[in-house]
Amino acid sequence: MSQRIFIFDTTLRDGEQSPGATMNQSEKVRLARQLESLGVDIIEAGFPASSQGDFEAVQAIAAEVRGCQVAGLCRALDKDIDRAWDAIKGGANPRIHTFLATSPLHMTYKLRKEPAQVIEMIDHAVRHARKYTTNVEFSAEDGSRSEWEFLARCVDTAIKAGATTINIPDTVGYTQPDEFSALIRYLLEKVPDSDKAVFSVHCHNDLGLAVANTLAALRAGARQAEVTLSGIGERAGNASMEQVVMNLATRADLYKLETGIKTEQIYPSCRLLSRIIGQPIPPYKPIIGGNAFAHESGIHQDGMLKNRQTYEIMTPESIGRSGTDMVLGKHSGRAALVAKIKELGFNGLNEEQVNLVFEAVKRLADKKKKIFAEDVEALILEEIYRIPD
Ligand code: KIV
Ligand code: ZN
């Protein structure tokens with residue numbers, strides 16, 4: 001039996017902190033509606049105390065989105081918590097997400113607080129948030145670089161004060177999968193009331209491990225993953241929603257974990273984000289990049305034409321893409337060309353004629369990176385029907 005994982009999407013908050021990814025209010029509302037169609041469980045709509053614009057955008061999203069929870073981020077300060085609540089209170093199921101740093105580095109240099117004061121602030125902030133709602137998340141910022149025993153005390157304090165979700169961020173993308181899963185296991189074991197809260201993880205990608213660390217934590221017992229579309233976020237970004245979800249879906253045999261994501265909405269969601277922020281999806285990006293379902297080598301194309309599973313571990317249709325792309329180029333084979341010729345409607349070509357076109361394609365591929373359907377059509381007309389270009 002599979003267990004359900006909650007997907008907490010922070011594209012509109014941490015994602016927007018990605019340089020150049022600022023969105024206006026109507027763009028945020030448009031994207032929030034798409035996230036709802038995608039089936040995320042929680043949308044972190046923004047950080048209401050950070051600006052009037054953010055406050056209004058969060059308020060508009062809470063009013064508009066009824067099918068999932070809407071969270072507002074706030075520091076562990078009464079005035080921030082009050083502001084977050086004012087922004088989200090019109091939502092169908094609002095969540096206050098309050099955070100405080102717990103690592104020695106952050107406590108000493110950023111907060112300038114003693115550990116005992118940090119514990120006191122967590123207790124106060126969570127109790128204050130609980131006056132408004134039972135749906136309270138506490139995040140231990142820089143959790144992965146915190147001392148484990150102290151972190152367990154912080155988590156215990158937050159749960160006793162009423163937090164229903166406990167988030168352990170790898171704020172600077174420093175941890176490693178084995179270490180992070182051991183930390184999650186440790187907290188689940190050591191914190192007396194750990195079963196009273198959903199454990200969550202929030203991983204950054206500074207060393208390229210955000211997705212691996214998230215998956216390792218889920219295997220260790222975390223039940224909420226904080227992610228962003230396409231992995232956008234501070235510095236090198238956050239764990240990418242599509243990669244986390246498709247790992248769980250593709251390797252369900254291993255994880256036995258399921259999400260509420262409608263995977264066929266993944267590509268439309270990432271495309272919408274890309275249009276809104278004006279940043280194209282890199283071609284080599286897993287799952288959503290232009291090359292993710294493109295096959296150029298002749299051996300691969302031949303295998304694909306015989307059985308797609310030879311070189312495709314998920315179908316493009318399953319994530320909302322139109323289909324596989326057999327790229328014609330200098331590495332491509334005859335089988336892909338034959339398929340392309342048929343697709344173009346030239347059904348009567350004999351073997352000798354196909355060979356002529358194949359040679360012409362190879363010659364052109366030496367001069368040009370990608371051969372398009374139009375190029376093949378022009379070559380057929382030129383080589384077989386002797387119609388000049
Ligand atoms: O990376 C981080 O620690 C955060 C928290 C505010 C959750 O974004
Ligand atoms: Zn973050």
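Predicted model: local features only at pLDDT ≥ 70, side-chain atom pairs only at ≥ 80, totals over all residues.
I started with the H1–H11 contact: from H1, Glu27, Leu31, Gln34, Leu35 and Leu38 meet Ser269, Leu272, Leu273 and Ile276 of H11. I sorted these residues by class and got six nonpolar, two polar and one charged.

Next I looked up how the two helices lie. H1 covers residues 25-38 and H11 covers residues 266-277, and their axes come within 10 Å, crossing at roughly 170 degrees. Angles over 145 degrees count as roughly antiparallel, so that is what I call H1 and H11.

Then I went to H2 and H3. Helix H2 runs over residues 52-64 and helix H3 over residues 78-88; I have their axes 7 Å apart, at an angle of about 40 degrees. That makes H2 and H3 oblique to each other. Which residues make the contact? On the H2 side I noted Phe55, Val58, Gln59 and Ala62, and on the H3 side Arg83, Ala87 and Ile88. The class count for H2 with H3 is five nonpolar, one polar and one charged.

Last stop, Lys131. I found Lys131 in the loop between helix H5 (115-130) and strand S6 (136-141). Is Lys131 buried or exposed? I get 12 C-beta neighbours inside 10 Å, and exposed means 12 or fewer, so Lys131 counts as exposed. I also checked Lys131 against Gly162, which is 31 residues away along the chain: their C-alpha atoms are separated by 9.9 Å.

Notes. Residues numbered from 1 in each chain as written. Chains lettered and ligands numbered in written order. Axes fitted to C-alpha atoms, helices over the stretch in contact; angles between N-to-C directions. Helix = DSSP H or I, 4+ residues; strand = E, 2+ residues; numbered from the N terminus. Parallel < 35°, antiparallel > 145°, perpendicular 65-115°, else oblique. Contact = placed C-beta atoms within 7 Å. Nonpolar A, V, L, I, M, F, W, Y, C, P; charged D, E, K, R; others polar. Buried ≥ 20, exposed ≤ 12 C-beta atoms within 10 Å, placed from the backbone.
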